[in-house]
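Subject: Handing over a structure

Dear colleague,

I am passing this structure on to you, and below it you will find some notes on what turned up. Please read them with the structure open beside you.

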Amino acid sequence: MLELLSVTAGYDRRAPVVRDVTLTLAPGEAVGLLGPSGCGKSTLARVAALLHRPDSGRVVIDGEPARGYRHRAPRAQRTAFGVVFQQPRQSADPRLRLVDLIAEPLRATGRPEGAADQAAETADTVGLGGDLLGRRPHEVSDGQLQRACLARALILRPRYLVCDEMTAMLDASTTAALVGVVEEYRRETGAGLLAVGHDRVLLDRWCDRTVDWSELVSHRTDSPAAGSPA
């Protein structure tokens, strides 16, 4: 189970964008987090994946409290998550060939042997042809690059996937294909999923349940002692 407990987070302690939010994912569950742009849902997703330290609150991963964030997180906790962001060109090193982009997590965790072969195998599972693996990000389409980013997220076989607006920039056919890849991976591994987005129809079809951001923060607006909403 992934538990986010009373999390407050942001980029300025005087004006947090997430205030006292609690969200849980049961083992193997797919949860959609629905909200408008700028509400704080992506910040919460980054906290969930140990990419952003909260100002207060706790993250608990399968019963064990998070013991660090970003590169300070223990390897076993850090590699429990695979993350796919909205804009692949901002999350991909433009200098890397796609095969090296996909293999990044292997090399970062000290497993370079056979990395290229494993990257090619993972690329095939996301529908990325081998003829594209020698290309760099500027030489492929957004959809092809996002497939590479999804392969990078899957290559360490994470227990949880965090998809932050993963399909927002993609056409309908590519969206369907990537959602299908995620669901096949989840069927094989029992991985949990936090899917962040603003498309209720997609989240309702994709996930076991959808949580509206307004529901997460409503307890603050109901309380006379609550601070003003972010």
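How many salt bridges does a search of the whole structure find? The search finds 14, where a salt bridge is a side-chain nitrogen of Lys or Arg within 4 Å of a carboxyl oxygen of Asp or Glu.

Please keep in mind that this is a predicted model, in which local features need pLDDT of at least 70 and side-chain atom pairs count only at pLDDT 80 or more, while totals for chains, interfaces and linings use all residues. Residues are numbered from 1 along each chain as its sequence is written, and side-chain values use heavy atoms, with hydrogens and water left out.

One of the salt bridges joins Glu 104 to Arg 152, with 3.2 Å from N to O. Because Glu 104 lies in helix H4 (residues 98-108) and Arg 152 in helix H6 (residues 142-154), this pair ties together parts that are 48 residues apart in sequence; helices here are DSSP runs of H or I with at least four residues, and strands are runs of E with at least two, numbered from the N terminus. Glu 104 is partly exposed at 31% relative accessible area, whereas Arg 152 is buried at 13% (buried means under 20%, exposed over 50%, partly exposed in between, with a 1.4 Å probe and protein chains only).

Another salt bridge, at 4.0 Å from N to O, is formed by Arg 157 and Glu 188. This pair links distant parts of the chain, 31 residues apart, with Arg 157 in the loop between H6 and strand E7 (160-164) and Glu 188 in helix H7 (residues 172-189).
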